[in-house]
Amino acid sequence: IFCVSIMEGIGNERQKFLSFQTGITLRSAVVSAAHGHVLSMTPRGRAGLTSGEIQNLVAVDAQKLFELAQEGHYSWSCPLAMIIVSFLLLKELGISALVGIVTMFLIVPFVQWVVRKMMHIRKLRVNCSDARVESTSAMLQGIRFTKLNRYEEKFIDRVMSMRMKEMKLLRKELFYLSLTIFATVVSPVVASGFTFMTFALMEEGNVLTPSTTFTSLFLFAALRFPINYAGKFMGKAAQGFQACHRFSLFFDRDSLGGWCESHDGDDGRRGKIDFVDTVNTSVPSTMGTQRSMAGNGNVGGGSAMIKDARGEEAAFSSGNNVNNRSPLIDVNASFCVGTPGSSSSFTLSNTTMAVHRSQIMCVVGPVASGKSTLVQGLIGELLPINDNDNNNNHPDSKFKVSGRMSYAAQIPFILNATVRDNILFGEPYDEHHYNTVLEACCLASDIETFHYGDLTEIGERGVTLSGGQKQRLSLARVAYSRPDVAILDDPLSALDAGTGKKVFERLFKPSGTQGLFANTAVVLVTHASQFLNQVDS
């Protein structure tokens, strides 16, 4: 008995260790996959997705999968224990033991009904949790607006109202959970009573001796544990399946995953985004793309090798080996925001453009004319659609962007880090080039006013910088990365006329001078018409 107890303890602890290891691995994998899926979503995939839903997925639903992994072994151990104990009861009490066994197993339909109710209630409760977290996040992100307008009480009332609805559903869910626990605890007592009555009444010679009675009670008590754990496991499984369903809906959202295969360039840097021909076809779903972009930043060089619609291999190099005679940007395609053909969609049709190295193309147009849609297509946030979707037939439809790309968004993306870290953005520090970029973007004078110079910490989302400083910081990041292709979405809008002129003259190459973008294919979205006579197209 002593040796068996030691072996049992070792086995239980080993099982717990493996369960925890499996749960942690599962939770980490799911959270990592969710974050990666968010970065690769298309605008259609992001439609209707709130930050509260994402937070609940990675914080609550991932934890439910972790808890399910802890008790997953009950799915086989509980039925096995029930079979063994039932066999011993039949051997001890004969056919009368079937009454007690059937009585205990009659609880299963009841537990299944309770589990269905719990899943329905949990689905409603999770929706309330998403709304509450979204409201709280909105308040925290706009805390300055909330404080200046004294909206604290209104936000508190809104959050507490959502919390009361959530608590009401939580109480109901816990009530049904308590029913399962009550049923699993009471069922062995009722089952043993019915079994003893049946055993005594079946034949006159059946006498409940102390040995038979206590052995049967012990076996019914032993049968209670797998049934109790099975009830708890069903509750955990219901929550886990609901979490899996929410994750499946999340991962079903449209993304750019599976578009083109990316390979390392000659300089050893990993190619993050390469766009290739889609000859008279929509972008194949079997192609994969690896993307790493948030707001604005740079994308490494490399090469892509894929097969086009005709089954022929096409290779497009990037980085320093790009052919200077071929355009770095060569587009003849259409882009659509939303579902093509729907009333709420917006389609930018038959876009044709070609930009070579050292050329500047300006994109000018009124509000809502599709300028940002074009930019989103060039950086890979929108996939080109098949011209046939718009009832057109253009056999020369193509979409190619080659080289190392950098992007400056209309709303600058600012890290909660130092000024230098925001400009370097992971690139190695080159003091001479760094100082040149600061002068070109008119940031040197601003940095001199900071207490710690370029090592000054910037507040979250650039709260300590003005709008013009954030835009120039974004431009400096693009210029420092020495890209082959620069996509600039109206970066001069927040600059005054004098500063905008200086930045334009130093970054670009008007009047024969050499700017920092002299060796870069630039697409510049702007409303500054005074610069149009100084660009190539």
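Mentor: Helices (H or I, at least four residues) and strands (E, at least two) are DSSP runs, numbered from the N terminus. The model discussed here is predicted.

Trainee: How many helices and strands does the secondary structure of the chain come to?

Mentor: Both kinds of element are present in this chain. The count is 15 helices and twelve strands.

Trainee: What should helix α3 span, and how far apart are its end C-alpha atoms?

Mentor: Helix α3 covers residues 51-70, which is 20 residues. The expected span is 1.5 Å times one less than the number of residues, so α3 should span 28 Å. This agrees with the model, where the end C-alpha atoms are apart by 28 Å.

Trainee: Where does α3 bend by about 35°?

Mentor: The bend is the angle between axes fitted to the seven residues ending at a residue and the seven starting there. For α3, the residue with the bend of about 35° is leucine 57.

Trainee: Is phenylalanine 194 buried, exposed or partly exposed?

Mentor: Phenylalanine 194 is found in helix α8. Buried means under 20% relative accessible area and exposed means over 50%. The value for phenylalanine 194 is 41%, so this residue is partly exposed.

Trainee: What percentage of the residues of the chain count as buried?

Mentor: The cut-off for buried is under 20% relative accessible area. Of the 537 residues of the chain, the share that counts as buried is 47%.

Conventions:
Residues are numbered from 1 along each chain as its sequence is written. This is a predicted model: local features need pLDDT of at least 70, side-chain atom pairs count only at pLDDT 80 or more; totals for chains, interfaces and linings use all residues. Side-chain values use heavy atoms; hydrogens and water are left out. Buried means under 20% relative accessible area, exposed over 50%, partly exposed in between (1.4 Å probe, protein chains only).
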